[in-house]
Structure formats: structure tokens, C-alpha cells
Amino acid sequence: MGKKSQASANKSKEKRQARKLEQRRIADGMAHVTSANKLKDMATLCKELLVYRSRELEVDMYIQRVTDLDKNVLDWAIDLTERNMKRLYETCAWGWNRERKIEEMTDDAAWYLIAKDQKDNLLAFSHFRFDMDFGDPVLYCYEVQVEAGGRRRGLGQQLLRVLERLALATRMRFVRLTALTHNPAATAFFKACGYSLDETSPPKEEASHYEILSKATEMEEDIPEELDDA
């Protein structure tokens with residue numbers, strides 16, 4: 001075999017190996033997503049983070065699938081999202097569509113992290129999902145919404161800490177989220193929490209009203225026992 005033929009054969013072999021590695025990476029990611037979505041007690045993965053105490057707040061949190069969530073709590077979450085986001089949606093290309101938002105928030109794949117005070121007043125929530133996104137297993141944060149009385153007290157940051165712990169424990173590669181570019185306060189908050197522009201974020205000339213932010217997890221070798229049993 002001549003030099004050119006050998007070089008061509010080696011290049012073809014390298015491509016096949018790269019393709020197999022990519023297929024294996026995606027298959028492993030899908031397996032992690034499936035295992036995460038089968039978990040029955042998500043709280044065991046982040047128990048110490050579900051209690052938040054500051055000078056002004058005493059908050060307890062819990063995690064449930066949307067299918068197990070109390071209807072009153074879900075209605076509150078939808079109402080809070082509308083109160084916080086409707087005007088922002090109306091001033092961008094998406095527009096506000098209540099029915100579409102309800103459909104998104106009640107999808108069977110949705111998980112909810114709920115925060116309430118000692119008097120059972122609902123203060124904040126996050127809607128998130130475990131999913132494959134551009135070939136990566138991710139915890140995608142759809143919403144982080146905080147009541148006016150709970151803002152600027154570290155509660156939003158604590159919600160993100162819980163999501164990040166869950167992502168790490170379930171072997172997701174990233175926590176990803178969508179941020180509206182005309183909501184600079186939210187973008188500044190996420191970046192202060194360690195989030196940066198994700199490689200999947202569209203060019204500004206294609207989508208100027210939003211961007212994708214993410215934070216990578218530090219993958220650990222040990223898988224929680226419950227994941228092995230899921």
C-alpha cells in the first residue's frame with residue numbers, strides 16, 4: 001500500500017473511531033437522562049440545600065414532578081410566571097401566549113422545585129427538566145421565578161444551587177437556560193452565579209431577543225445508589 005493509500009486508510013479509521021465515540025457519548029447521555037427521570041425521591045440528592053436560612057428568610061424547599069404537584073401550587077406557579085414575565089414576552093418576538101406557557105409548564109417531563117416560608121407562603125419556584133440538548137445530557141432550567149417579597153435575599157441563587165447539585169448528581173453535563181436579552185437584570189444575576197454564554201446560543205443576527213446560558217458540572221465518578229437502581 002502506498003503512502004497516500006495508508007494515510008487515507010488511517011484517516012478513515014480515525015473517523016470511524018470518532019463516530020463510535022460520539023455515538024457512545026450520546027447513548028450514555030440518554031441513559032443518564034432516563035435514569036434521572038425515573039428517580040422517585042430527588043430530595044435525597046440535595047437534602048442539605050433544601051433548607052435556606054438568612055437574616056430575613058426561613059425557607060424550606062421540596063421537589064416534585066408536575067404530575068404529583070398540588071393544583072393550587074401549580075396554579076400559583078403559572079400566575080407568578082405571568083406576573084413576572086408577561087410584559088417581557090410582549091416586548092420581544094415571542095409574544096405572550098398564556099395557553100402555550102401553560103402547556104409548557106404542565107408537560108409530563110416537567111419537574112418543580114418549590115420554596116415556601118415557615119407559614120407555608122409560597123415564595124419561589126423553578127421548573128426544570130432532564131433532557132438531551134444538542135447531544136448533551138442537561139438539566140434545562142425553564143423558569144426561576146421569585147415573589148417580590150423573596151427577592152434580593154439570596155433565594156434565587158439558592159434555587160440555582162439546588163439545580164446544579166441535581167445536575168451533578170444525575171450526571172448531566174450542564175445546567176442550561178434561556179435568558180431574554182432585554183432583561184439585563186436577570187442576565188446579570190445568572191452571570192454573577194457563574195453562568196456564561198453557551199456554545200449552542202444562536203448568533204445575535206438570528207435571534208437578538210434571547211441567548212442560551214449554561215454552567216458546566218464537575219462530573220464525578222461515583223453514581224448515587226438510587227440511580228443504579230432506577
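These legends describe close-up views of a predicted model. Local features need pLDDT of at least 70 and side-chain atom pairs count only at pLDDT 80 or more, while totals for chains, interfaces and linings use all residues. Residues are numbered from 1 along each chain as its sequence is written, and side-chain values use heavy atoms, with hydrogens and water left out.

**View A. A positive surface patch.** Lys-11, Lys-13, Lys-15, Arg-16, Arg-19 and Lys-20 form the patch. Patch residues have over 30% relative accessible area and no salt bridge; like charges are joined within 9 Å. Areas come from the Shrake-Rupley method with a 1.4 Å probe. Lys and Arg count as positive, and their charges are placed at NZ of Lys and CZ of Arg. Lys-11 lies in helix 1 (residues 3–37). Helices are DSSP runs (H or I, at least four residues), and strands are DSSP runs (E, at least two). Lys-11 is exposed, at 53% relative accessibility. Exposed means over 50% relative accessible area, buried under 20%, and partly exposed in between.

**View B. Helix 4 (residues 155–169), largely enclosed by the rest of the structure**. Of its 15 residues, 11 are buried. Among them are Leu-155, Gln-158, Leu-163, Glu-164 and Ala-169. Arg-171 follows helix 4 and has a positive phi, near 65°.

**View C. Salt bridge between Arg-53 and Asp-60**. A salt bridge needs a side-chain nitrogen of Lys or Arg within 4 Å of a carboxyl oxygen of Asp or Glu. The count for the model is 19. Here the closest N and O atoms are 3.4 Å apart. Arg-53 is partly exposed, at 41%. Asp-60 is also partly exposed, at 26%.

**View D. Salt bridge between Glu-82 and Arg-98**. The N to O distance is 2.4 Å. This pair links distant parts of the chain, 16 residues apart: Glu-82 is in helix 2 (residues 71–90) and Arg-98 in helix 3 (residues 98–105). Glu-82 is buried at 18% relative accessibility. Arg-98 is partly exposed at 35%.

**View E. Salt bridge between Arg-176 and Asp-198**. N and O lie 3.1 Å apart. The partners are 22 residues apart: Arg-176 sits in strand 6 (residues 174–180), Asp-198 in the loop between strand 7 (196–197) and strand 8 (210–216). Both residues are buried. Arg-176 and Asp-198 also belong to a salt-bridge network with Glu-22, Arg-25, Asp-133, Asp-136 and Arg-173.

How values were computed. Patch = residues over 30% accessible without salt bridge, like charges linked within 9 Å, V, L, I, M, F, W, Y side chains within 5 Å. Buried < 20%, exposed > 50% of the residue type's maximum accessible area, 1.4 Å probe, protein only.
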